[in-house]
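Reader: I am new to reading protein models. Please take me through this one by question and answer.

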Amino acid sequence: MTAFKSDFLNVLQSRGFIQQISDPESLDALAHKRELVAYIGFDCTAPSLHVGSMVQIMCLYWLQQTGNKPIALMGGGTTRVGDPSGKDETRKILSIEEIDRNKAGINQVFSHFLSFGEGKSDAVMPDNAEWLTKLNWIEMLRDIGRHFSVNRMLAMDSVKLRLERDQEMSFIEFNYMILQAYDYVVLNRRYDCRLQMGGSDQWGNIVNGIDLGRRMGTPQLHALTTPLITTASGEKMGKTASGAVWLNADMKSPYEYWQFWRNTEDADVPRFLKLFTTLPLAEIEKLAALKGAEINEAKKALADAATTLLHGADAARQAAETARQTFEEGAIATNLPTVEIPRGELESGSGVLTLFVKAGLVASNGEARRQIKGGGLRVNDSPVTDEKMLLTAADLTTEGVIKLSLGKKRHVLIRPA
């Protein structure tokens, strides 16, 4: 391991955040003086970020905690174009209204991790629509586009892999890397930003920005990428059977978020404690040493710490108590995730397959049938054996709900409205 002088790079290295750095010594010197301004861009493609963005958010968190200045760049402009990186087809073009709504949802997350203001190390959140939408096409070609080699652009992974798979790339997407590079130049001029961070798939795009900055007269700029996070079983981080693990509470409840971390595979616990919590490394080492059934205590610590960071200590405690009541006491905790359905649907009888889909526990009727055959679905803790089963008001518990379960760990309450 490299011995860094700066707290920032030492923290990132010791906790497993670093994949590549363009010029470690120069970057370390800036961070050591606590004069580093760094940014990460977040396109507004959905009304919330998901847990796959947590590595990047934590990089900005640790940047500020070590006395440096974070920029959370909103991609109100680049979202109108669409990042082709890792995609086989053009992203859906969103309306300006959709982008603005998504941006408002994403804004909510950062207040939990960063302190915003006018101070030296206070975070800022500009939107690249402010400068990208003002670019004149001819001026852009003359002042920015002339610095880009089409030969090099075609060799970029985001373009080359798409073309090798015979997947069409639109001209609008081809321009994305130019706009991202220009963002870096603008942020340097406005905030003296010297570092762009991102996932390992962004290395080429970030280096493009460094090169454009050199050609347009900026000081030396830097790149830092984080590793692609996959689970021990090879799954992409944050992908579950029911879809993405969103960070906004109205899209994924604190209990569901807590439960996601509680269900971490044993082999991932030490790494995830370092990446997704702020627990001291000495404490993480003790938790990582737990074996056998005791590993569950480390998983609970991970769930508690990760949920506290995002939703606060009260929400984390409530989620942990809900889990305890559900799993240890077998009770129906009334603050489990709840889906309301019209009372009339229950009075006439609702199909069990339909209700499990509505609850978000399965993606389709076909998946529900497969789970029934494997004994994976339960209603009020009793296994479902008949896919044609109807649930009615007679199935309501004394708490006035029907408890649907997928396996032993995922539960949703159906409540008549």
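Reader: Which residues of helix α8 are buried?

Author: This is a predicted model, in which local features need pLDDT of at least 70, side-chain atom pairs count only at pLDDT 80 or more, and totals for chains, interfaces and linings use all residues. Residues are numbered from 1 along each chain as its sequence is written, and side-chain values use heavy atoms, with hydrogens and water left out. Helices (H or I, at least four residues) and strands (E, at least two) are DSSP runs numbered from the N terminus, while buried means under 20% relative accessible area, exposed over 50% and partly exposed in between, with a 1.4 Å probe and protein chains only. In α8, which spans residues 157–164, the buried residues are S158, V159 and R162.

Reader: Within what arc do the buried residues of α8 fall, seen down the axis?

Author: An α-helix has 3.6 residues a turn, so residues three or four places apart point the same way. The arc is taken from the directions that lead from the helix axis to the C-beta atoms. The buried residues of α8 line one face of the helix, because seen down its axis they fall within an arc of 95 degrees.

Reader: Which exposed residues does the other face of α8 carry, the one turned away from the buried side?

Author: The buried residues of α8 pack against α7 (150–155), α9 (171–174), α10 (176–191) and α11 (203–215). On the face turned away from the buried side, the exposed residues are D157 and E164.

Reader: At what angle do helices α12 and α15 pack?

Author: Axes are lines fitted to C-alpha atoms, for helices over the stretch in contact, and angles run from 0 to 180 degrees between N-to-C directions. The axes of α12 (residues 254–262) and α15 (residues 295–311) are 8 Å apart. Their packing angle is about 140 degrees.

Reader: Which residues of α12 make the contact with α15?

Author: Contact means heavy atoms within 4.5 Å. The α15 side includes N296, K299 and H311. The α12 side is made by P254, Y257, W258, W261 and R262.

Reader: Which residue of β14 stands opposite I402?

Author: Strands β13 (residues 402–406) and β14 (residues 410–416) pair in the antiparallel sense over 5 bridges. S405 is set opposite H411 of β14. The residue opposite I402 is I414.

Reader: Which residue of β14 stands opposite I341?

Author: β8 and β14 run parallel and are joined by 4 bridges. β14 is mostly covered, with 5 of its 7 residues buried. The residue of β14 opposite I341 is P416.

Reader: Which residue in the hairpin of β13 and β14 takes a positive phi?

Author: This hairpin has 3 residues between the strands. The positive phi, near 65 degrees, belongs to G407.

Reader: What is the relative accessibility of D192?

Author: Most residues other than glycine have a negative phi, and most peptide bonds are trans. D192 is not a glycine, yet its phi is positive, at about 60 degrees. The residue is placed in the loop between α10 and β4 (195–199). D192 counts as partly exposed, because its relative accessibility is 37%.

Reader: What is the relative accessible area of N380?

Author: N380, also not a glycine, has a positive phi of about 50 degrees. N380 lies in the loop between β10 (377–379) and β11. N380 is partly exposed, because its relative accessible area is 25%.

Reader: Which residue of β5 is the bridge partner of I21?

Author: Another open sheet of 5 strands has the order β1-β5-β4-β2-β3 and mixed pairing. Its edge strands are β1 (20–21) and β3 (69–75). β1 runs antiparallel to β5 (residues 222–226), joined by 2 bridges. The partner of I21 in β5 is L224.

Reader: At what angle to β5 does α11 run?

Author: Helix α2 (residues 24–32) lies across β1, β4 and β5, at about 95 degrees to β5. α11 lies across β1, β4 and β5 too, and its angle to β5 is about 170 degrees.

How values were computed:
Pairing = 2+ DSSP bridges.
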